[in-house]
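Please look over the protein chain shown below.

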Amino acid sequence: MSKRLKSCAAMTAVLLFAASGADAAADIAHIFWKDLRPATQAVAGEANLPMIASRLPDHGETLSLNLQDKTIQLAGYALPVDRDGDLVYQFLLVPWTGACSHMPTPPPNQIVLVTPARPYKMKEAYEPVAVTGVLQPGMEKSQLFILDGVSIVQSGYTVRKAEVARVDSVPDTVALPVNSPWNFLNKKKN
């Protein structure tokens with residue numbers, strides 16, 4: 001009888017754990033870049049890419065507060081801020097390749113400062129990734145070390161203790177103009 005009771009208790013624990021995992025996955029809001037800006041703000045294509053803060057009436061500082069403290073998943077391109085070799089401890093998630101280092105910086109409401117739960121092994125800058133974690137609106141400045149010096153980048157959101165996974169593509173990526181010198185960043189690498 002004792003073995004049967006232990007077996008039932010173990011099975012109940014497994015089922016409860018599985019159910020709580022399913023609930024947690026259901027609580028993740030899969031969002032797009034447009035969800036981080038006001039509906040009235042022009043998208044990059046309408047603002048003659050690159051969309052930069054100085055071209056916007058609010059300088060891109062209007063944030064989406066309805067996503068505050070929600071667990072979200074957002075795909076974008078990772079640009080390392082703090083790294084040691086191929087391990088990245090913090091990065092900027094941006095909506096298009098070349099943003100911040102090769103082109104003008106997107107508005108703050110289109111940049112997310114991400115701190116992975118554990119160091120993320122990155123093969124190259126602008127690697128497409130999906131970030132899952134709790135979104136916190138709030139302006140934060142980061143120093144970005146690029147070839148021609150240091151740049152200060154202001155992000156409108158942070159996700160700390162994020163789960164980061166490489167993805168094949170970003171569903172709502174901003175396409176660079178055909179004549180952009182940075183199109184090579186979008187080409188598939190073998």
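Arg83 in this predicted model is partly exposed, at a relative accessible area of 38%; the class lies between buried (under 20% relative accessible area) and exposed (over 50%), computed with a 1.4 Å probe on protein chains only. Arg83 belongs to strand β2. Strands (E, at least two residues) and helices (H or I, at least four residues) are DSSP runs numbered from the N terminus.

**Basis of the values**

- Residues are numbered from 1 along each chain as its sequence is written, and side-chain values use heavy atoms, with hydrogens and water left out.
- Because the model is predicted, local features need pLDDT of at least 70 and side-chain atom pairs count only at pLDDT 80 or more, while totals for chains, interfaces and linings use all residues.

**Surroundings of Arg83**

- The side chain of Arg83 comes to 3.0 Å from the backbone oxygen of Gly85. The pair is a polar contact, that is, N or O atoms within 3.5 Å; within protein, one must be able to donate a hydrogen and the other to accept it, and residues adjacent in sequence count only if both atoms are side-chain atoms.
- Apart from neighbours within four places in sequence, Arg83 is in contact (heavy atoms within 4.5 Å) with Val88, Tyr89 and Met122.
- A C-alpha separation of 8.7 Å is found between Arg83 and Pro119, which are 36 residues apart along the chain.

**Strands β3 and β4**

- Strand β4 (residues 112-116) is largely enclosed by the rest of the structure, because 4 of its 5 residues are buried.
- Strand β3 (residues 87-94) and β4 run antiparallel and are joined by 3 bridges; two strands pair if DSSP finds at least two bridges between them.
- Within this pairing, Leu93 is opposite Val112 of β4.

**Strand β7**

- Ser155 is located in strand β7 and counts as buried, with 0% relative accessibility.
- Leaving out residues up to four places away in sequence, Ser155 touches Pro108, Ile111, Val112, Leu113, Gly138, Met139 and Glu140.
- Lys161 is also in strand β7, which spans residues 149-166, but this lysine counts as exposed at 69% relative accessibility.
- The phi angle of Lys161 is near 55°, a positive value in a residue other than glycine.
- Ile152 is a further residue of strand β7, and together with Phe145 and Val150 it forms a nonpolar surface patch with about 320 Å² of accessible area.
- Patch members have over 30% relative accessible area and no salt bridge, with nonpolar side chains (Val, Leu, Ile, Met, Phe, Trp, Tyr) joined within 5 Å and like charges within 9 Å. A salt bridge is a side-chain nitrogen of Lys or Arg within 4 Å of a carboxyl oxygen of Asp or Glu.

**Loop between β1 and β2**

- Asp69 sits in the loop that runs between β1 (29-30) and β2 (71-84).
- Its phi is near 65°, a positive value in a residue other than glycine.
- Asp69 is partly exposed, at a relative accessible area of 49%.

**Whole chain**

- The protein chain has 1 helix and 7 strands, in the order α-β-β-β-β-β-β-β from the N terminus.
- Of its 190 residues, 41% count as buried.
- Among contacts between residues at least 6 apart in sequence, 71% join residues at least 24 apart.
- The chain exposes about 10,900 Å², of which carbon and sulfur atoms supply 58%; accessible areas come from the Shrake-Rupley method with a 1.4 Å probe, and for residues only the protein chains shown count as cover.
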